[in-house]
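Here is a walk through one structure, meant to be read with the model open beside it. Take a look, then follow along.

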Amino acid sequence: TEEPPANPNMPAKSPFIFKNADGKPVFDIKRYASEVLKGKAPHFVLLNIGDNDTFGYDPNAPDPAQEKLFKDNMNRFLDELRSIAPDAVFGAIMPNTYNYSDRSFLHNYGPNFPRLKQMQNRQRYIELMTEIADTRTDLQIVPSNFSVDSVDGMPYNSGTHFNTLGARQFASSIYAWLKAQMAIKGGVAGPETRAAVPVPVATVAQTTAPAPAASVPLTMLPPEKAPVTLAASSQSASQQQRPDWLQRQYTRILRALSFE
């Protein structure tokens, strides 16, 4: 369709839809790869798709035909993606936890889409995507549905869209998934040239006090201060660099182990 979108911030059409020789819109993901991706196959494909479709679903009247159509369309889409990215890892992003407040849904969507209804629809969507992943060998579930704080991570006036804190929490779960997949794949080079990704190693050395006699109750022993040191690995300086937030976590762990 060439009709303008209802939301001016959204694209007028799917980026995978093109006109054929007859001027009719067709789903052509290979053309998308050629024109938009310049012929370069992606190493990772993240799908954040389908959650909005649940707004028209009635959890009190399940429709098996509608669910089958959803799964068939999703499998077709994944098959087309696989044709342009034969070695890519596919990850399906799950919708974040919605706002804890019923009023936020009333503010956004009015009485037709209450929070409980959408929470039920969201759960069914996650179940359907999991069923699709269970029947395929090339799709993984990204557990981003657990990452956003539904109180502090959501603005008071939005039922489903997070604030800055929620966006950081959501992004962190996806980033962690990507880092894990890169380590499993051994980098993002081709299969002939992949090498194992060097994993930073940190060793915690602790001096342990002699074990107490069996007859002495542990609750009677005074707490011992055990010196804890973080041993440097033999890796290069660039490999030993850590983000500030990770260094802070190390510091907290060390303090906890040394009973400070």
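## Glu-67 and its helix

Glu-67 sits in helix α2. In this predicted model, Glu-67 has a relative accessible area of 13%, so it counts as buried. Setting aside neighbours within four places in sequence, Glu-67 is in contact with Tyr-57, Arg-124 and Leu-128.

An α-helix has 3.6 residues a turn, so residues three or four places apart point the same way.

Three strands make up an open sheet, ordered β3-β4-β5, with parallel pairing. β3 (44-47) and β5 (139-142) are at the edges with a single partner strand each, so one side of each has no neighbour in the sheet. On average, neighbouring strands here are turned by 30° against each other, ignoring direction.

Between β4 (residues 89-93) and β5, which run parallel, there are four bridges. In this pairing, Ala-92 is opposite Ile-141 in β5. Helix α2 (residues 64-84) packs on the sheet and touches β3, β4 and β5, and its direction makes about 160° with that of β3. Helix α5 (residues 164-185) also packs on the sheet, touching β3, β4 and β5, with its direction at about 150° to that of β3.

The largest nonpolar core holds 25 residues, and the ones with the most contacts inside it are Leu-47, Leu-78, Leu-81, Phe-90, Met-129 and Leu-139. At least two residues of this core come from each of α1 (29-35), β3, α2, β4 and α4 (115-135).

Which residues does Leu-47 touch, not counting those up to four places away in sequence? They are Phe-77, Leu-78, Leu-81, Phe-90, Gly-91, Ala-92, Ile-93 and Leu-139. There is also a second, separate core of nine residues, with Ile-93, Val-142, Ile-174 and Trp-177 among them.

## Two loop residues

Phe-113 is found in the loop between α3 (102-109) and α4. With a relative accessible area of 24%, Phe-113 is partly exposed. Not counting residues up to four places away in sequence, Phe-113 touches Phe-55, Phe-105 and Gln-118.

Lys-38 belongs to the loop between α1 and β3. Is Lys-38 buried or exposed? Its relative accessibility is 63%, so Lys-38 counts as exposed. Lys-38 also has a positive phi of about 55°, although it is not a glycine.

How values were computed. Residues are numbered from 1 along each chain as its sequence is written. This is a predicted model: local features need pLDDT of at least 70, side-chain atom pairs count only at pLDDT 80 or more; totals for chains, interfaces and linings use all residues. Side-chain values use heavy atoms; hydrogens and water are left out. Two strands pair if DSSP finds at least two bridges between them. Axes are lines fitted to C-alpha atoms, for helices over the stretch in contact, and angles run from 0 to 180 degrees between N-to-C directions. Contact means heavy atoms within 4.5 Å. A nonpolar core is a set of buried Ala, Val, Leu, Ile, Met, Phe, Trp, Tyr and Cys residues joined through side-chain atoms within 4.5 Å. Buried means under 20% relative accessible area, exposed over 50%, partly exposed in between (1.4 Å probe, protein chains only).
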